[in-house]
Amino acid sequence: MDSLSERPGNRALRFVLVMGLAVGSCRAPAPVTIRAGQLFDGRGLVRDVLITVAGDRITALGPYQGGQVTHDLSRYTVLPGLIDAHVHISSTINSHGGMHLRNDGDTPAQGDSARAANALATLRAGFTTVASMGSSLDQGLRARIERGAIPGPRILTSLDPFLDRALTPEALRQQVRTHHADGADFIKIFGSGSKHGVEIPTYTAEQLAVLCGEARREKLRSVVHSQTDSSIKLAVLAGCTEIEHGTLATAASFALLASRGIWFDPQCGLVMRNYLEHRARFEKAGFDSSDFALMAERLALMPGVIRAAAATPGLRLLFGSDAIAGAHGRNAEDLVCWVREAGQDPVAVLRMATAANAAALGLQAEIGSVAPGYRADLIAVDGDPLKDIEAVLRVRFVMKAGKVYRIE
Ligand SMILES: [Zn+2]
């Protein structure tokens with residue numbers, strides 16, 4: 001995972017070390033220079049900037065003072081690579097045009113190429129890091145990207161989610177440790193499940209406390225799918241790290257999450273729109289008209305949840321599109337929705353998809369900002385997304401860890 005686990009606290013020191021290497025070693029890569037017409041650095045905006053990259057890191061940042069550059073992005077707005085904190089990167093469309101399920105006849109090679117297509121679409125859309133609410137299939141995809149066999153975003157994965165309520169506390173603890181040993185970067189728990197449109201908690205308070213407690217001991221984040229006040233409360237009391245969705249939650253939950261400093265990741269609508277716009281694909285996977293009716297109902301609630309959550313003092317919000325099969329590469333449509341339909345300030349929305357998401361993933365010293373010492377994850381969009389959020393849909397340049405994957 002291009003050594004993301006290595007997180008020296010002192011960026012200044014590391015910067016000196018990086019520069020020292022660049023000067024001292026004849027094998028050091030030649031610096032790459034990028035001129036940005038304007039730069040959103042993860043916090044605010046600066047105009048006409050020169051960014052210097054050596055290897056996979058940003059090494060310098062300052063005003064552009066003329067001269068030749070490697071990449072002239074003076075017509076564009078440069079941003080840190082976007083981060084999506086909730087995708088299902090291994091959720092694919094199969095060769096019959098439906099949502100891929102186990103045993104649908106697709107060969108392993110067809111699965112590999114469908115997952116590679118998801119990864120490429122996501123990266124080309126400007127998302128250089130994603131957290132995948134996972135599948136054990138993420139592991140192979142992550143490995144192929146890390147060894148440079150295919151292009152794709154940096155992937156953090158939970159591997160398979162936790163949803164077996166029949167397990168004893170000791171078995172649950174063991175499952176968390178096994179996940180970690182197998183390469184999970186965090187764990188994903190289904191804290192509530194829908195039965196005929198009614199949400200009920202999946203795990204007991206004791207089971208959740210065991211799962212999130214063991215994750216904490218293993219230094220893994222615990223991310224919980226919770227839709228209602230009752231299941232959110234259980235997850236909060238169990239000491240879990242992050243709540244997903246909350247589509248049926250009320251202000252009481254938002255205040256509780258804020259008071260405990262727990263991250264909250266609501267979606268704006270892409271996930272439901274993707275189901276509704278491509279019904280046939282999902283009908284083949286067993287979804288019926290009552291499922292689609294429920295999705296339309298939930299879709300109508302989503303922007304309101306974001307408004308209420310964003311109005312809660314101190315609540316830490318993160319951006320996760322919940323992209324599944326068919327929505328990979330459309331992730332930024334949910335950012336547009338946060339502004340256009342949920343009424344949020346574009347600056348706050350862009351901070352969330354960069355610096356705030358990096359902090360939520362524990363990578364705030366590595367990604368999500370443009371500054372010396374950070375990974376060279378840079379994108380350029382045509383237009384000013386702080387005034388016209390749709391600019392995030394017009395990606396013209398993508399660099400991940402110093403390597404260019406898209407330029408036009
Ligand atoms: Zn999801």
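A: The zinc ion has three protein donors, His-86 (NE2), His-88 (NE2) and Asp-322 (OD), which lie 2.0 to 2.2 Å from it. Donors here are N, O and S atoms within 2.8 Å of the metal (3.2 Å for Na, K and Ca), and since water is not among the atoms, sites may look incomplete. This is a predicted model, so local features need pLDDT of at least 70 and side-chain atom pairs count only at pLDDT 80 or more, while totals for chains, interfaces and linings use all residues. Residues are numbered from 1 along each chain as its sequence is written, and side-chain values use heavy atoms, with hydrogens and water left out.

Along the chain, the zinc donors follow the spacing H-x1-H-x233-D. His-86 is buried, with a relative accessible area of 0%, and His-88 is buried too, at 18%. (Buried means under 20% relative accessible area, exposed over 50%, and partly exposed in between, using a 1.4 Å probe and protein chains only.)

Now for the sheet: three strands make an open one in the order E5-E6-E7, with parallel pairing. E5 (82-87) and E7 (154-157) stand at its edges with a single partner strand each, so one side of each has no neighbour in the sheet. Neighbouring strands are turned by 15° against each other on average, direction ignored. Helices (H or I, at least four residues) and strands (E, at least two) are DSSP runs numbered from the N terminus, and two strands pair if DSSP finds at least two bridges between them. E6 (residues 127-132) pairs with E7 in the parallel sense over four bridges. Pick Val-130, and its bridge partner in E7 is Ile-155.

Helix H3 (residues 138-146) packs on this sheet, touching E6 and E7, and its direction makes about 155° with that of E7. Axes are lines fitted to C-alpha atoms, for helices over the stretch in contact, with angles running from 0 to 180 degrees between N-to-C directions; contact means heavy atoms within 4.5 Å. Which residues of H3 are buried? Asp-138, Leu-141, Arg-142, Arg-144 and Ile-145. They cover an arc of only 160° around the axis, which puts them on the same side of H3; the arc is that of the directions from the helix axis to the C-beta atoms. Their cover includes H2, E6, E7 and strand E15 (395-400). Just after H3, Gly-148 takes a positive phi of about 80°.

Asp-185 counts as partly exposed at 25% relative accessibility, whereas Arg-142 counts as buried at 11%.

The structure holds 26 salt bridges. One of them joins Asp-112 to Arg-115, with closest N and O atoms 3.0 Å apart; both sit in helix H2 (residues 108-124), three residues apart, or about one turn of the helix. Asp-112 is partly exposed at 33%, and Arg-115 is buried at 8%. Then there's Glu-199 with Arg-298, where the closest N and O atoms are 3.2 Å apart. That pair links distant parts of the chain, Glu-199 being in strand E10 (residues 198-201) and Arg-298 in helix H10 (residues 289-310), 99 residues apart. Both ends are buried: Glu-199 at 12% and Arg-298 at 8%. There's also a network of salt bridges linking Glu-170, Arg-173, Arg-177, Glu-214 and Arg-217.

One more helix is worth a look. The buried residues of H6 (residues 229-237) are Ser-231, Ile-232, Ala-235 and Val-236. Their arc around the axis is only 140°, which puts them on the same side of H6. They pack against strand E9 (192-195), helix H5 (205-217), strand E11 (221-226), strand E12 (242-245) and helix H7 (251-260). After H6 comes Gly-239, whose phi is positive, near 75°.

Methods
Salt bridge = Lys/Arg side-chain N within 4 Å of Asp/Glu carboxyl O.
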